[in-house]
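Have the sequence and the picture open as you read.

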Amino acid sequence: MTFDITDFILKDGVKHWLWVFGSVCGALLLASLLLSYVVTGMKGPGKVIKTILGGVSDLYALSLKRVFAIASLTIKEVIRKKTLVVFIVFAVLFMFGGWFLTGSTGARGDLEVKNFISFALTTTSWLILPVSLLMSCWGIPEDIKARSIHTVVTKPARRLEIVIGRILGYVVVGTGVLIIMGFAGNIWVHRQVQKSEEAQKALFCRVPLYGDMSFFDSEGKQSEGIHVGDVWDYRRYIKGATQSTALWEFEKVTSDILVNDKLKIEARFEAFRTHKGQMKEGLLCQVFLENPVTRKRVKLPVFHINEFTQNIIRINRKLKHYDEKEKKYVELDLIDDMVFDNDINKKENILRVGVRCIDPGQYIGMAQADMFIRYPDRSFDVGYSKAIVGIWLMMVLIVSMGVSASCFLKGPVATLLTFSFLLVGQGGFRQFLNEFVDKQVLGGGPVESIIRIVTHYNQVKELEEGATKMVAEVIDSGFFYFLRIAHQIIPDFSSFKMTPFVVNGFDVSWGSALAPSIAITIAYVIPCVLIGYFSLKSRELETK
Amino acid sequence: MNNLSSKNRKYIYLLIIVLLYIPIMLLGMPATNESEGGNLAQLRKKYDLGESAIGNVDPSSSTMNLLLLGMRGIATNQLWLQAEHYKNTKNWAGLKSAVDSIIMLQPHYAKVWEFQGWNLAYNVSAEWDSVEDRYYWVKEGGKFLARGCKRNEKSPDMHWSVGNLHSKKIGRSDEWKFFRKFYIVDPDEDSFSKGPDPEFNPEGKDNYLVAKEWFDLANEKDKIVPQHIMIPVLFRHYPSRALLDYADTLHREGRFGKASRQGWEDGHKELTEVYGRMRIVVPPGEIMLEADSEDIKALAEEFAPPGSNEDELREYGEELARWVLKYQDVANYRYWRARSSIESEQMMMIAHKDVYEGQQLYKKGRLIQARRKLYEGLSKFVPTLNQISQRNPGLNINNLDENLTEEIILAIIYFTSTYELNGQKPPENYPLKEIVKGRPDILGRAITEFHFQNRSNN
């Protein structure tokens, strides 16, 4: 489980979008005015303003009837071009997918179910996205080439309506295909898990409430946790039989979160042993609840951790606590006595949960997402449907970008451009771009890299001071500036990936997955429509 | 350009295609029941290089390879990177799936099977804390390698790797006591109803006996396709070594009786009558580790240059005898021959039993009885070890094998500890005291083992 659990902040997102959108529009307007002035003199800027006003007028006169008519023509065209043959590939993959996946993880049904879900969702996205990309990039250029677009533009249909109608038509077709694929994939997953009881049990969606996490070292001071040498720096460790503690603070903990007067906490810890210890048993773990305001700490029963699986801790609302002052056991209420407010941070209803390792010389590893409070579970179908929505949003974005690109480019080039955006916007490319923009990549920019290659300089050593370095840095800063702009413009597709949530048995998070995906889609569809409209309006349709 | 019309050019292209097709057809025509096929098919048959001759044919694997055309290498590399990523990020389901995809593309690349089989059985299993989970991944690695053997029936290396996993990973790892139990009664009781995992141990045998079968198979394969792991004299000794380890492990587990004695007898027989009589190629000819003077004479006559006289034959025989001694040293043959012979005797078994019982009494806190048993056990080791030395000149108490040395040193630690716990000094002299000074490397290990056994009661 490695997906991001950080919530998306809409307010900040909108601000950032307005800033980028406003800057780009402003820059384009200025460039257009200057260019038109240089080319045609004083009349030029007037024409530019007239075109923009024409756009506003087109937007005002937008007819949904005409948009739907163009969308319906687009749907008919797609069906006529036999694009739906993609279903055959889909059917073949699902007919034989089970052969390759069943038994790949031995008898472990709980592991096998991950492969089934991953296969169903990955296949769906890998089939629908390229088809949507090709459909959207080739439609308008083909119409221009065949001159069939003349039959549309000579009608009272406005070019804005053509762009929106095209996008809508492709989205409708893609949605239909996606619904059928999603439905078939869901049935396929359910059929595959029928073979194993273990797999059936693993088919559900947990709804987590994550908290903020902090580490404290052996002396009780705040720290970053211990690194035990894992290549993967995801988890940090606490040392056994010391004050070393991992502390979580969960917000918004009220009695509503309790199920049958019990709080359900799930933990997924990892063990690291410096000696064999009790091999028969897992490492011992102590969980406690703490209220810093009343200075009350309730220790829960210790338990042996099970790695890479769920350790469920059920806490009764009524807690037994040994009061040191009164020298007797007293009863505490989980919500009334242990939940507190932090006036400094303006946080309310906080529950603080601490974890310690009991075994001396041993370590327990954890990350922020490794402990969470569980709301009542949801059906697998809910999480699966949300993951399909994620694919749908990505498809809408690709269609918008494809149609927009096809308004000013020919089919193959539009395809290449959209595909490049898709490629650079996700996975390793996006990560590399992020690192490059943040200047975390060693070796500098392209010019510096060329110098290093030619002079056999390694990436760590600083270049020698002098004119060469200065020139390289100046030219590279230009590249970096361009990359920073590209970084702002190219959409981040990583938040559209909702498959890891479902594969790991979680419901797709609204805050960290669905909300940013919807926001990104809307944020890109608007400029795509505008770019498409102005490009189509200024394009000479007689040119093939 | 030329005066040919487009149509004529196409006719010429067609003719060239047909002409080029003729040699392709002659070379690549597949074999059928009626014909031997083209040159390539005939060569494939001659050198046993056909897909079906190498091992079982997996239709899905062959289909994948065909569909990828020449991109198989790129796809495999990508999957390999993906598998490494999954391993580093502890995505075990993804890792297993990626590994399965790799072998689908590279079914006859032995190193892929060996590397990834080891990865699952050793590296992935070590990432888990629970012994049951670790065993699960050891099994996965073992099953994976066994599948590899089916796809590559001629590979002695892969068969040896499976045998090595069954013997060493199950029988000699830190978790060996648990793993050996799980080997017979799988911890997943729901799936295997208190029996072994049939895919890993189909007949429910001891791990060393299963390992012996794999090593036997490896030796068989080695006769056809040479192995590439170690020198032949060592490679061939693994079946007998598996039997000796089996008997030794029964003692380590405190299982003294008919089975353990039989184990030593079988091991001795396998060592001297099968391994010892195997022909081993050396520069002057061939030797056998169990060769007596008559055998040496016969071998000299067989391999000496034709027309050699009596003296030359004698000299040739002496040369072969030197090679026998040299290779016996390499395989520690004389030690194991003497040890297995002595271990089959009643006195040695009682010595092991006394030491084992002494340790158990110590753990129960019965120090006086423990001390007595340990002393008796150590005393009984003395005559048998003397016998080993007598039968093998040059072999002494300081160069015994590690298992036996560790057992004796551990017994001495237990013995001296029975005094220390009572606040007494251990006696100045007791049997085999000198072994402790001679093997400091094993002393450290034995002390760790002593603390481990008494801290966690493992």
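The domain assignment divides chain A into domain 1 (10-202 + 379-437 + 496-538), domain 2 (235-366) and domain 3 (438-489). Keep in mind that this is a predicted model.

Q: How do you know where domain 1 of chain A and domain 3 of chain A lie relative to each other, and what makes up the contact?
A: Their C-alpha centres lie 35 Å apart. The contact takes six residues from domain 1 of chain A and seven residues from domain 3 of chain A. On the domain 1 side, helix 12 (residues 427-437) of chain A gives the largest share, five residues.

Q: What makes up chain A as a whole?
A: Chain A has 16 helices and 17 strands. Its C-alpha trace spans about 90 × 65 × 50 Å along the principal axes. Of its 544 residues, 34% are buried. Take the contacts in chain A between residues at least 6 apart in sequence: 77% of them join residues at least 24 apart.

Q: Why are strand 4 and strand 7 of chain A said to stand at the edges?
A: Three strands of chain A form an open sheet in the order 4-16-7, with antiparallel pairing. Strand 4 (236-239) and strand 7 (270-273) each have a single partner strand, so one side of each is left without a neighbour in the sheet. From one strand to the next, the twist averages 30 degrees.

Q: How do you know that strand 7 and strand 16 of chain A pair?
A: Pairing needs at least two bridges, and four bridges join strand 7 to strand 16 (residues 362-366) of chain A, which run antiparallel. Here A:E270 stands opposite A:G365 in strand 16 of chain A.

Q: Which strands of chain A are joined to strand 15 by bridges, and how many bridges does each have?
A: Five bridges join strand 5 (residues 245-250) to strand 15 (residues 347-357) of chain A. Six bridges join strand 8 (residues 284-291) of chain A to strand 15, and two join strand 14 (residues 340-342) of chain A to strand 15. With at least two bridges as the cut-off, strand 14 of chain A qualifies with its two. Some partners to find in the picture: A:L247 has A:G354 as its bridge partner, A:E290 stands opposite A:R352, and A:N342 stands opposite A:K347.

Q: What lies between strand 14 and strand 15 of chain A in their hairpin?
A: Four residues lie between the two strands, and A:K346 in the turn has a positive phi of about 55 degrees.

Q: What makes the phi of A:K252 and of A:R295 worth a look?
A: Most residues other than glycine have a negative phi. A:K252 has a phi near 55 degrees, a positive value in a residue other than glycine. For A:R295, phi is also positive and near 55 degrees. A:K252 is in the loop between strand 5 and strand 6 (262-267) of chain A, while A:R295 is in the loop between strand 8 and strand 9 (296-299) of chain A.

Q: Why is helix 8 of chain B said to be largely enclosed?
A: Of its 21 residues, 18 are buried, so helix 8 of chain B is largely enclosed by the rest of the structure.

Q: How do you know that the span of helix 8 of chain B agrees with its number of residues?
A: At 1.5 Å a residue, the 21 residues of helix 8 (residues 131-151) should span 30 Å, and the end C-alpha atoms are 30 Å apart, which agrees.

Methods:
Residues numbered from 1 in each chain as written. Chains lettered and ligands numbered in written order. Predicted model: local features only at pLDDT ≥ 70, side-chain atom pairs only at ≥ 80, totals over all residues. Axes fitted to C-alpha atoms, helices over the stretch in contact; angles between N-to-C directions. Buried ≥ 20, exposed ≤ 12 C-beta atoms within 10 Å, placed from the backbone. Contact = placed C-beta atoms within 7 Å. Expected span 1.5 Å × (residues − 1). Domains from an automatic or database assignment.
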